[in-house]
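Colleague: I would like to read this model feature by feature. Can you take me through it?

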Amino acid sequence: METRRLQYLYELSRRGSMRGVADLLGTTTSTVSQQIALLARDTGARLLEPDGRGVRLTPAGRRLAEHAESILAAVDAARLDLDPTAEPSGTLRISGFATAIRTTLMPVIAEFAERHPKVGIQVLEHEPAEALRQLAVDEIDLALTYDYSLAPDEVGPGIETLPLWSNPWGLGVPNADATGLLPGRNGPGGDPRAAEVFGAFRNHDWIGNSRNIADETVLRMISSMAGFEPALRHQSDSLDLVEDLILAGLGVGLLPANRPPRAGITILALHDPEVRLRAFARTRRGRSAWPALALVLERLRAG
């Protein structure tokens, strides 16, 4: 049986619809249907059955999809690990968010240029959902993603994850509006609780991320604890622009607690619950044995 057909079946088991598989793999629903029908002919088993206007996997189809995950990973591992002793070479495609690229990846790139000149690194700046989609369709080899402790990312099967680092985040507000919310009151370290901090800004406009829903999830979660719905008026995936909006009096928004604040901005600590951004390196299962990728992951693991 062809591994490409197994991939169609495996993705159908994850996505639940032929339209979802077609969108993911950049093809048509008729192609997905045809390839799975050919796979059924190859195996001599009925893999699909009607489910309303769509289809679902039969018990045999589900079992084969489970095998497909391991088979596809093994094929990748065999293809990429033919000679683990060879000098790492080839083009490594990496997609990730700007902070991870700047702070985590750029030192690795500089090191590789000197020590492993046969490895080329292609860098693409994307938010987590975009990078994970690229990883799923094999457009990249490594995704640098993040989530928040209050909004954990859901990563499907077939993805290997390496935790990188974690940083606390706070609420960025104009200096004049921070009075009475600085350390010295209740909560860990004397800080007010997160809901109390948010509640003080219930009548303000709020700034979310333009390309990642996790920020909005955190804002709405803590606001609900304070008993209000935040007015999300602005969106930006640039921390510099978030600061510009705060300084212009257009809203308040999340910022890294360890980020040196610009003049005029106070970053209020958030506790109970704490908000932490967690960074990860993610690869397709079976790919990490490729010498070039394995070397990068080892370097990232070492910090």
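Colleague: Start with a helix. Which residues of α10 are buried?

Modeller: This is a predicted model, so keep that in mind throughout. Buried here means under 20% relative accessible area. In α10, the buried residues are Pro 291, Ala 292, Leu 293, Val 296, Leu 297 and Leu 300.

Colleague: What span should helix α10 have, and what do its end C-alpha atoms show?

Modeller: Count 1.5 Å a residue.

Colleague: What follows α10?

Modeller: Gly 303 does. Its phi is positive, near 80 degrees.

Colleague: Now helix pairs. At what angle do the axes of α2 and α3 cross?

Modeller: For a pair, read the approach and the angle. The axes of α2 (residues 18-25) and α3 (residues 29-43) come within 8 Å and cross at roughly 105 degrees. Angles of 65 to 115 degrees count as roughly perpendicular, so α2 is roughly perpendicular to α3.

Colleague: Which residues make the contact?

Modeller: From α2, Met 18, Arg 19, Val 21 and Ala 22. From α3, Thr 29, Val 32 and Ser 33. The residues of this contact divide into 4 nonpolar, 2 polar and 1 charged.

Colleague: On to the cores. Which residues of the largest nonpolar core touch the most other members?

Modeller: That core has 46 residues. Leu 142, Tyr 148, Leu 171 and Phe 198 touch the most other members. Take Leu 171 as the example. Leaving out residues up to four places away in sequence, Leu 171 touches a list that includes Val 197, Phe 198, Phe 201 and Trp 206. Also among its contacts are Val 252, Leu 254, Ile 267, Leu 268 and Leu 270. A second, separate core has 23 residues, including Tyr 10, Met 18, Leu 47 and Ala 68.

Colleague: Last, the backbone. Which peptide bond is cis, from Asp 272 to Pro 273 or another?

Modeller: Omega is the angle to read. The bond from Asp 272 to Pro 273 is cis, with omega near 10 degrees. Pro 273 lies in the loop between β10 (265-268) and β11 (276-284).

Colleague: What is phi of Asp 272?

Modeller: Near 50 degrees, a positive value in a residue other than glycine. Asp 272 sits in the loop between β10 and β11. Asp 272 is partly exposed, with a relative accessible area of 46%.

Colleague: And where is Asp 138 found?

Modeller: In the loop between α6 (128-136) and β5 (142-148). Phi of Asp 138 is positive, near 65 degrees. Asp 138 is partly exposed, at 27% relative accessible area.

Key:
Residues numbered from 1 in each chain as written. Predicted model: local features only at pLDDT ≥ 70, side-chain atom pairs only at ≥ 80, totals over all residues. Heavy atoms only, no water. Helix = DSSP H or I, 4+ residues; strand = E, 2+ residues; numbered from the N terminus. Expected span 1.5 Å × (residues − 1). Buried < 20%, exposed > 50% of the residue type's maximum accessible area, 1.4 Å probe, protein only. Core = buried A, V, L, I, M, F, W, Y, C linked by side-chain atoms within 4.5 Å. Contact = heavy atoms within 4.5 Å. Axes fitted to C-alpha atoms, helices over the stretch in contact; angles between N-to-C directions. Parallel < 35°, antiparallel > 145°, perpendicular 65-115°, else oblique. Nonpolar A, V, L, I, M, F, W, Y, C, P; charged D, E, K, R; others polar.
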